[in-house]
Every structure is written in structure tokens, then in C-alpha cells.
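Please keep the sequence and the structure in view while reading.

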Amino acid sequence: MRNQLAGTGTLLRLALRRDRVMMPVWIMVVAMLVLSLPASLESVYGTAAERARLLTTMSANGSLRALYGPAFGDSVGALTAWRGGIFAGVLGGVMSLVIVVRHTREEEETGRQEMLSAAMVGRRAPLTAALLAALVANGLAALLVTAGLAGRGAGGAAALGLGIGATGMLFAALAAIAAQLTESARLAKGLAGALIGAAFVLRAAGDAGSAGGASAMTWVSPLGWLEHARAFAGERWWVFGLFAAAVAVQVVAAYALAGRRDVGMSFLPARPGPAQGRLGSAGALAWRLQRGGLLGWSLAFLAAGVVFGGMTDGATQLVGDNERTREIIERMGGQSGIADAFLATMAGMLGMIAALYIVSAVLRLSGEESGQRAEPLLANAVGRLRWAGGHLAVAFGGSALILLLAGLGLGIGHGRGVAAAVGATLAQLPAVWVIGALAALLHGAAPRYAVAAWAVAGGALTLGWIGPALNLPQAVLNLSPFAHLPKLPGAEALSWAPLLVLTALAAALLAAGLAALRRRDLAA
């Protein structure tokens with residue numbers, strides 16, 4: 001067994017060096033999502049009576065329980081765990097799957113793992129190094145959350161931090177299994193991401209039907225275990241035994257699978273391509289490569305729109321006469337009625353999440369290039385602009401599609417104003433396109449640093465999510481392209497100027513990126 005782990009330390013150091021930018025960004029996003037909440041909650045619900053009223057109102061609202069889970073106490077710490085725990089767990093899971101797949105299946109897909117395996121590297125060393133890298137990331141996020149909330153109660157802070165870290169490690173182990181089963185990093189990420197989504201849906205369905213979180217569906221989901229750790233509300237330490245057992249079983253399964261396959265192989269066989277006709281152009285190939293991911297995003301945005309639309313009346317009831325909450329929502333959603341402001345806020349949030357889709361779709365170019373699949377394609381009668389244009393068409397057109405479906409979902413869930421809801425989500429497109437065009441520019445001009453596009457999208461999401469709650473200066477909020485968009489529905493007059501300016505900026509960045517791609521050598 002020792003020989004099979006040879007080189008683990010070296011591979012771990014290599015992984016941490018490669019992730020020296022991406023990993024700290026992810027860790028800070030996960031931690032700040034939680035640590036930004038106590039001050040915001042205290043400013044909105046400053047008295048025990050206000051927090052008790054919030055707890056009563058929230059507990060009676062199934063749609064809010066589906067989104068955030070149940071709250072088990074009315075202290076600031078307990079409400080922090082309620083408001084941010086589930087989402088921090090989801091983000092920790094996504095961070096973990098990205099890290100594990102990046103250093104396992106992606107290394108095999110690019111051929112680097114085969115070269116490393118020719119040296120003094122054990123068979124299970126790459127998987128071990130990937131899991132240890134995920135452990136480092138989740139451990140640091142847990143430490144930051146624990147240290148930041150320690151003043152609210154050491155036990156509660158430790159329970160919440162440990163719960164977020166344990167959730168991340170559970171999904172890291174799950175991603176390790178997915179990396180053994182699938183033939184590509186894209187499929188591994190898709191499978192692991194789908195399971196994270198299924199865990200959220202199971203927990204949401206269970207919490208919507210049970211005020212105390214006692215539903216069997218909640219207990220089936222690891223995210224349900226996170227909420228049942230009950231940070232700051234009589235911690236249940238035995239729940240972490242479930243996390244430990246699940247992680248151990250999944251790691252053993254991943255090691256067993258890794259030992260039964262050759263490097264580059266998978267247990268789920270690759271499907272043969274079409275016999276003829278449908279891959280006759282670079283655009284058709286790009287569509288075939290990206291259609292599965294677009295379908296998943298489309299279904300997720302439609303479902304999210306329906307859920308958020310159905311929450312509108314509940315959010316209005318939750319706000320009640322709390323002026324500070326009303327001020328935050330109206331700052332995010334515009335000076336309009338609380339229902340329209342809430343819908344505008346949800347449209348903005350969906351737009352910022354759509355930025356993550358367009359970055360992933362544009363950076364598929366980087367994956368094709370680094371995986372050396374672009375070079376043989378471009379050696380034929382296919383120009384670089386045609387090759388890149390196919391992927392960019394899917395990315396930019398796909399972002400429009402998912403926002404259209406999100407608007408339809410918002411209107412259907414709210415029960416009225418479908419056209420206004422669709423207009424609100426489509427108004428996010430210019431800002432989404434700016435971030436996608438910036439990703440294309442980074443890929444074209446500096447492919448080694450194209451991954452920085454994730455930091456740009458994450459920064460815009462962070463500013464939009466927690467900036468208004470922290471009452472950040474408008475100059476800081478304006479760093480995000482989303483801050484310049486009209487707040488729809490409910491805006492008194494639609495201003496086309498910012499939409500046109502952002503669209504022109506996106507076109508300029510995209511043109512610069514394609515020009516740079518045309519001039520440079522392909523990445524090795």
C-alpha cells in the first residue's frame with residue numbers, strides 16, 4: 001500500500017501550487033457568505049422580539065423553508081446558520097468537486113497523469129493528493145467560519161464550520177467516485193454537480209413539507225444533515241458521525257474503483273458518435289459537446305424561476321413592516337413595490353448565476369486546447385475563428401436561453417406578469433455577456449490565466465449577493481456590470497443606455513479575444 005501512495009506529497013504540493021489562485025477565491029467566497037450575515041441580521045433584526053417574530057413567520061412559510069431550511073433558534077448565530085449554512089455547504093461541495101476532478105480525471109484526460117505515472121508515483125497517489133487538496137480547502141473554510149463566529153458561541157461556531165467543511169468533503173469523495181466512472185472531466189463534473197443538485201432538491205422538498213425538518217427526504221440528503229447539526233441551537237454532534245461514515249464509505253469505493261481500471265479508462269463506456277451528417281461543421285461539434293450541460297442549466301433555471309416566483313408572496317409577508325429588510329431588498333431590486341423589488345432581486349441573482357454558465361461554456365475552448373483535441377481539428381479545413389465561434393455561439397446563445405426559461409419560471413411561479421418577468425431576466429444578458437466576453441479575451445490573449453474568469457464571475461456574484469446587505473459604497477458595487485442594469489420589473493422607465501453600452505463593451509472584448517486567439521500559438 002505504501003508503494004501505491006508514493007509521490008503523494010509531491011503531487012499535493014503541485015496541486016496546491018496550481019490552485020494557488022482558484023482555491024483562495026473559493027475559500028473566501030464560502031467563508032464570507034456566512035461571515036457577512038451576523039452584522040446584516042443585527043442591523044435588520046436588532047431586538048430579540050424582532051428575531052422571534054422572524055422565526056415564527058419563517059417557520060410557517062413552506063417556500064422559505066424549502067430555500068433556506070428550518071431555523072432552530074432566534075439568536076443571531078442560529079439565524080446565521082439558517083440563512084447561510086445550506087448555501088455555504090452547496091458552494092463548498094462545488095469547490096470540492098472542481099478540485100478533485102481537476103486533479104484526477106482532468107489530469108488523465110490531458111495525458112499529464114500518464115507521464116507522471118511513468119515516474120515514482122503510486123497508483124493511488126493522484127486520487128489521494130486530490131482528496132487531500134480538497135481537505136485543505138474545506139479545512140481552511142471551516143477554520144475561517146469557526147474563527148469568525150467564535151464570539152457568538154464557540155460550540156455553535158465549531159458546529160457550523162465543521163458542518164460546512166464536512167459537507168464539502170462528502171461531495172469531494174462523491175466527485176472522486178464520479179471521476180472513476182466517467183470518461184471525461186466534463187462528465188465527472190456534470191455527474192457530481194447533478195448529485196449536489198439532487199441533494200438540494202431532496203432537502204428542499206422535505207423541509208417544505210415539515211416545519212421541523214423531520215421529513216425522511218431531509219435526512220436522505222447530506223445538506224439535511226448539515227442543517228440538523230443545529231449550530232447555535234443545541235448542537236447535535238452525533239450528526240457528524242453520519243458525515244464521517246459517508247465520507248469513509250465513498251473514499252473506500254473510489255480507491256477500489258481506481259485500482260480496477262487503467263489510466264485514462266472509465267467504467268461507464270463512451271457512447272459512439274453519429275455515423276454521419278450531424279458533425280459536419282465546427283459549430284455542430286461544439287453543440288454536441290455542450291448540449292448536455294446546456295440542458296442541465298436550462299432545467300435548473302426553469303425550476304429555480306418557478307421556486308423563486310412562488311416565494312414572492314411569502315417574502316412580502318416575511319418583510320412585513322421591517323424597514324431595514326425592505327431597504328435591502330429595494331436596494332437590490334429597485335425602488336418599487338416589495339413584490340416587484342423581490343422579483344427584480346431574484347432576476348438579478350439568476351443573471352449573476354448565469355455568468356457562471358457562460359464562463360464554463362467559453363472556457364470549454366481552453367479545455368479542448370489543453371486537452372490537445374483542438375490541434376488535429378484545426379489541422380483540417382477549419383479556421384480558428386470558426387472553431388471558437390461554434391463554442392461562443394453556444395455560450396452566448398445558451399445564456400440567453402437559460403435566462404429566458406428563468407423568466408418564464410418566475411412568471412409561472414408568481415402566477416402573473418410572465419412578460420414582465422421574462423423582460424427582467426433578459427435585461428441581465430448584457431452584463432452576462434460582458435463577463436463571457438472577458439473570459440473569451442483571457443482565453444485568447446493569456447490562456448494560462450483564463451481560469452481567472454471564474455474569479456470575475458465569483459466577484460460579481462459576491463458583490464451582488466452580500467454587497468447591499470453590508471451597505472457597501474455604490475462605487476464598490478459599481479465594479480460589477482450587473483450594478484448598471486435597470487431594476488426590472490418595477491422600474492419607472494426602462495433606460496436603454498446601460499444595456500447598449502454593456503452590449504457594445506461585450507462585443508469589443510469578444511472581438512479583441514478572437515483577434516488575440518488568431519495571432520497566438522496553440523497552448524501546449
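## Core and overall make-up

The largest nonpolar core holds 143 residues, and L160 and F482 are the ones with the most contacts inside it. Helix α6 (residues 76-102) gives the most to this core, contributing 15 residues. Leaving out residues up to four places away in sequence, F482 touches G351, M352, A355, Q428, A431, V432, I435, A460 and K487.

The model is a predicted one. The protein has 26 helices and 0 strands. Of its 524 residues, 52% are buried. Among contacts between residues at least 6 apart in sequence, 75% join residues at least 24 apart.

## Salt bridges

Side chains of opposite charge can pair when their charged atoms come close. The count of salt bridges in this model comes to 9.

E107 counts as buried because its relative accessibility is 6%, under the 20% limit. R18 has a relative accessible area of 27% and is partly exposed.

R203 counts as buried, with a relative accessibility of 0%. D207 is also at 0% relative accessibility and counts as buried.

E227 is buried, and so is R203. Taken together, R203, D207 and E227 are linked in a network of salt bridges.

Most residues other than glycine have a negative phi, and most peptide bonds are trans. Which backbone angle sets R230 apart, given that it is not a glycine? R230 has a positive phi of about 55°. R230 is found in the loop between α13 and α14 (239-258). At a relative accessibility of 21%, R230 counts as partly exposed.

F232 likewise has a positive phi, near 65°, and is a residue other than glycine. F232 is placed in the loop between α13 and α14. Is F232 buried or exposed? F232 is buried, with a relative accessible area of 14%.

## Two helix contacts

Two packed helices are described by the angle between their axes and the distance between the axes. Two such pairs are described here.

Helix α3 (residues 37-44) and α6 pack at an angle of about 115°, and their axes are 9 Å apart. In this pair, α3 passes α6 in a right-handed crossing. On the α3 side the contact is made by L37, P38, L41 and E42, and on the α6 side by V76, L79, T80, R83 and G84. By class, these residues divide into 5 nonpolar, 2 polar and 2 charged.

Helix α21 (residues 384-414) packs with helix α22 (residues 418-426) at an angle of about 145°, and their axes are 7 Å apart. The crossing of α21 past α22 is right-handed. From α21 the contact takes in A400, L403, L404, A406, G407, L408, L410, G411 and I412, while α22 supplies V418, A421, V422, T425 and L426. How many charged residues does the contact of α21 with α22 have? The contact has no charged residues; 11 are nonpolar and 3 are polar.

Technical notes
Residues numbered from 1 in each chain as written. Predicted model: local features only at pLDDT ≥ 70, side-chain atom pairs only at ≥ 80, totals over all residues. Heavy atoms only, no water. Axes fitted to C-alpha atoms, helices over the stretch in contact; angles between N-to-C directions. Helix = DSSP H or I, 4+ residues; strand = E, 2+ residues; numbered from the N terminus. Left-handed = near helix turned anticlockwise from the far one by under 90°. Contact = heavy atoms within 4.5 Å. Nonpolar A, V, L, I, M, F, W, Y, C, P; charged D, E, K, R; others polar. Salt bridge = Lys/Arg side-chain N within 4 Å of Asp/Glu carboxyl O. Buried < 20%, exposed > 50% of the residue type's maximum accessible area, 1.4 Å probe, protein only. Core = buried A, V, L, I, M, F, W, Y, C linked by side-chain atoms within 4.5 Å.
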